[in-house]
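Thanks for coming, everyone. Let me put the sequence and the structure up on the screen.

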Amino acid sequence: AGGMLNLDGGYGVGMAFTVSQRAPSAQELYSYGPHDATATFDVGNSNLSTETSRNLEVNIQKTVGLMRGKASIYQNMFSNYVYGFYTGAYSPSNENFSVVQSSQANATIRGAEGELTYNWNQKGAAGRIFGDVSYGKFNGGGQISGNLPLQPAPRMGLELAHRTGGWLTNATYIYGLQQTRLASFEIGPTPSYSLLNGSISYSEKINKINWTGYMVLKNLLNQDIRYATTPMPVRLYAPQPGRSIMVGVKASF
């Protein structure tokens, strides 16, 4: 259920309330063995029940004119939130992988996000400023209290673009803050980072086929980036890729 109040100048204030549910996955229910991709020994829990989320969001937005934007705050209240609990035990026969048990607890996630755009998706110069932050915690009960695991770090960014004819150039800078709100079993904090990406492409329609040639440049600053949303063993030993370039051609018809 939701609604929007339209104001003068293209502004609007809205509110929405949603309820969603999901059943535990087969892995969360029945896993029992090593998971090489995350360097964990996963133990399922066949007693897991349905996870339910009740979500409330309030937003303000401007949807007309060259300058547009949206900002929102939200709260997600979970019953039987499913997560992986690091028991502190290890599996000696599997390279000492950490034993992770599928568990449930009530939890709350609060956050805010926003963006301000200028002339976005139109010809000529365009820009976008954006940011988001969220904080999740257990509500008590279960095996653990405190912060939720795998929480994204607050971030802010700037994106610039220019479109003329078939040419599109783009550059994005994202600054991710240090994540200090970790679950009790997580090792951290995760470091802050600066991510700079760029791209250039040219598109043209030839004989009913839309052709696009492109070049994408990622992590131009060659930063050591370790996202807080990455499973802990992977984050500690395998950072995100360093500086890279990708060149390609795409056809759509």
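I will go through the pockets, then one serine, then the aromatic rings.

First, the ground rules. This is a predicted model, where local features need pLDDT of at least 70, side-chain atom pairs count only at pLDDT 80 or more, and totals for chains, interfaces and linings use all residues. Residues are numbered from 1 along each chain as its sequence is written, and side-chain values use heavy atoms, with hydrogens and water left out.

Pockets, then. A pocket here is an open set of points on a 1 Å grid over the protein atoms alone, where a 1.4 Å probe fits, with protein on both sides within 12 Å along at least five of seven lines. Lining residues have an atom within 4 Å of a point. Volume is the space filled by probe spheres set on the points, which are joined across faces, edges and corners.

The largest pocket has a volume of about 580 Å³. It is lined by 23 residues, and the closest to its centre are Asp 42, Tyr 83, Gly 84, Val 100 and Leu 150. Which elements supply at least two lining residues each? Helix H1 (26-30) does, and strands S4 (40-43), S6 (67-91) and S7 (97-118) do too. Helices and strands are DSSP runs, numbered from the N terminus: H or I with at least four residues for helices, E with at least two for strands. S6 gives the largest share, 5 residues. By class, that lining has 11 nonpolar, 9 polar and 3 charged residues. Nonpolar means Ala, Val, Leu, Ile, Met, Phe, Trp, Tyr, Cys and Pro; charged means Asp, Glu, Lys and Arg; the others, Gly among them, are polar.

Next, the second largest pocket, at about 270 Å³. Its lining has 17 residues, and closest to the centre are Tyr 90, Asn 96, Ser 98, Met 232 and Pro 233. S6, S7 and helix H2 (232-237) each supply at least two. Again S6 has the largest share, with 5 residues. The classes here are 12 nonpolar, 4 polar and 1 charged.

Stay with Ser 98 for a moment. It is found in strand S7. Is Ser 98 buried or exposed? Buried, at a relative accessible area of 16%. Buried means under 20%, exposed over 50%, and partly exposed in between, with a 1.4 Å probe and protein chains only. Leaving out residues up to four places away in sequence, Ser 98 touches Ala 39, Thr 40, Phe 41, Tyr 86, Ala 89 and Tyr 90. Touching means heavy atoms within 4.5 Å.

Now the rings. Rings of Phe, Tyr and Trp (its six-membered ring) pair if their centres lie within 6.5 Å; planes under 30 degrees apart are stacked, over 60 edge-to-face, the rest tilted. The count comes to 7 aromatic pairs. Tyr 83 and Phe 138 form a tilted one, 4.7 Å centre to centre, with 55 degrees between the planes. Tyr 83 lies in S6 and Phe 138 in strand S8 (residues 124-138), so this pair ties together parts 55 residues apart in sequence. Tyr 83 is buried, at 6%. Phe 138 is buried, also at 6%.

Trp 167 and Tyr 202 are tilted too: centres 4.9 Å apart, planes at 50 degrees. Trp 167 is partly exposed, at 46%. Tyr 202 is partly exposed, at 32%.

One cluster to finish: Phe 85, Tyr 86 and Phe 185.
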